[in-house]
Amino acid sequence: VPEPTRLVSAGETLRPEIVGKFGIVAAGRHYAVEAGIRILMAGGNATDAGVAAVFAAAVTEISHVGFGGEAPTIIFDKKSGKIVAVNGQGVAPALATPDKFAKEGIIPGNGPNGGTVPAMVDAMSLALQHNGTMTLDQVMQPAIELADGFVMYNFLAEVFVSQKKATSKYQTAYDTYYPGGKLPQTGEIFRQPNLARTMRTIAAADKAEFAKSKDRKKAIQAGRDAFYKGDIARTIGAAMEKDGGLMRYEDLASYKGKIEAPATTKVFGYDVYKGGFWSQGPAMLMALSISEAAGIQQMVPGSDPYLHTVAESIKLAFDDRNAFFGDPDFAKVPMKGLLSKDYAADRARQISPKASLEHRYGDPWKFEGVARPTPAFTPHVLKKPPIPTADTTAIEVVDKDGNLFSCTPSSGWMLGGAYIAGDTGVPMSNRMTVFDLDPES
């Protein structure tokens, strides 16, 4: 019997090679790619294009990312050689204490209490101020036009089908995503007039300040403050209170993200950078270091030992993520110990030829150089596991000068239905669902 015809030979790919001379934009959908390329072609750098693409994704990839979500970002400046992280993760509202959710034993999914304080606008403003060359008004234009109307694509249309019943609990969201109670159809123009108005308010504040002061960073701040300190924030706060949510105007008005040094390690001869321990980014650094310590470089790529080592390294890193990660502003995290090469070697020795079915928590405090806090960590099991989410996209941009922009905007509403606060058009995130209610953890 002859062998079946091979449509793709070994080593080939069905993805074409893309070449260019002015930059690269990679994103979840072509709408975001187009927004980024448009800004690059207009003379913007990687950060300008990246911010434009993030805003465009928030309009067109609302199954995975929303305007009220987060946007952790890493930026590399070619000229200075410096790498920074933008902490684009929102915090819990001040009223969202563990006792508020004690009865259910878990923070509910989407709805007025599913989300952290929106961080995307702040994070993109910080990125633009730090490393951009354009104003918010300039980079938001593609997203504003998309909010005025974009062609609905099949994947998103199918998400709308699956989420219609859940979203019907929240009237403003239902009216936004199912106008007239009808399902958006593939190929139709889908419009978000309230979100377009919100973005125009931000852009107008930026433009007015720039016309007055000719100070780009000051203009960006004015646009950012139009979202967090103006009528948009007041509308969000009032709607939240009316709908039984815990977020208030003061939570938005007082929110302030920051630019910080990223978590980093050298592995396999490369310097790798991720967001801080307020994210799960360092778990990747740990998994790489554990696999390196386990001798994966001497293994045949794709072989059984190789794949086994990868899987076990990731499991060990994720166990430590669950045990020790947290926002360093609120929790003691053994950051030095977790990224220690000696600790990676200690964890690598736990990899045996047989796959582990147990949760194995390490002791990074021994490698931290300071005393272990008391009480010491005790592994615990949540009464109810977090509601699973499927809500992340990615934006990567490289410009002609070698500057890099990498962002993972998240917190859409793929599971649980959408919630929009008032007539802002801004969908709140579902990131609170992964918070641990145990105050001892």
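1. From H4, the residues Leu136, Asp137, Met140, Gln141, Ala143, Ile144, Ala147 and Asp148 meet Pro193, Ala196, Met199, Arg200, Ile202, Ala203, Asp206 and Lys207 of H7. The contact of H4 with H7 divides into ten nonpolar, one polar and five charged residues. For these classes, Ala, Val, Leu, Ile, Met, Phe, Trp, Tyr, Cys and Pro count as nonpolar, Asp, Glu, Lys and Arg as charged, and the others, Gly among them, as polar.

2. A word on the basis of all this: the model is predicted, local features need pLDDT of at least 70 and side-chain atom pairs count only at pLDDT 80 or more, while totals for chains, interfaces and linings use all residues. Residues are numbered from 1 along each chain as its sequence is written, and side-chain values use heavy atoms, with hydrogens and water left out.

3. Now the geometry of that pair. Helix H4 covers residues 136–148 and helix H7 residues 193–213; their axes come within 9 Å and cross at roughly 165°. That makes H4 roughly antiparallel to H7, and H4 passes H7 in a left-handed crossing. Axes here are lines fitted to C-alpha atoms, for helices over the stretch in contact, with angles from 0 to 180 degrees between N-to-C directions. Angles under 35 degrees count as roughly parallel, over 145 as roughly antiparallel, 65 to 115 as roughly perpendicular and the rest as oblique. A crossing is left-handed if the near helix is turned anticlockwise from the far one by less than a right angle, and right-handed if clockwise.

4. Helix H11 (residues 281–293) packs on helix H14 (residues 341–348) at an angle of about 65°, with the axes 8 Å apart. H11 and H14 are therefore roughly perpendicular to each other, and the crossing of H11 past H14 is right-handed. Ser289, Ile290, Glu292 and Ala293 in H11 meet Lys341, Ala344, Ala345, Arg347 and Ala348 in H14. By class, this contact holds five nonpolar, one polar and three charged residues.

5. Which residues have a positive phi without being glycine? Lysine 214 is one of them, with phi near 55°; its place is in the loop between H7 and helix H8 (216–228). Lysine 214 counts as exposed, at 59% relative accessibility. Phenylalanine 268 also has phi near 55° and lies in the loop between strand S8 (263–267) and strand S9 (270–274). With a relative accessible area of 27%, phenylalanine 268 is partly exposed. Buried means under 20% relative accessible area, exposed over 50% and partly exposed in between (1.4 Å probe, protein chains only).

6. Leaving out residues up to four places away in sequence, phenylalanine 435 touches Ala92, Ile107 and Thr116.

7. Finally, the overall picture. The protein has 14 helices and twelve strands, and buried residues make up 49% of its 441 residues. Among contacts between residues at least 6 apart in sequence, 74% join residues at least 24 apart. Helices (H or I, at least four residues) and strands (E, at least two) are DSSP runs, numbered from the N terminus.

Note on methods. Contact = heavy atoms within 4.5 Å.
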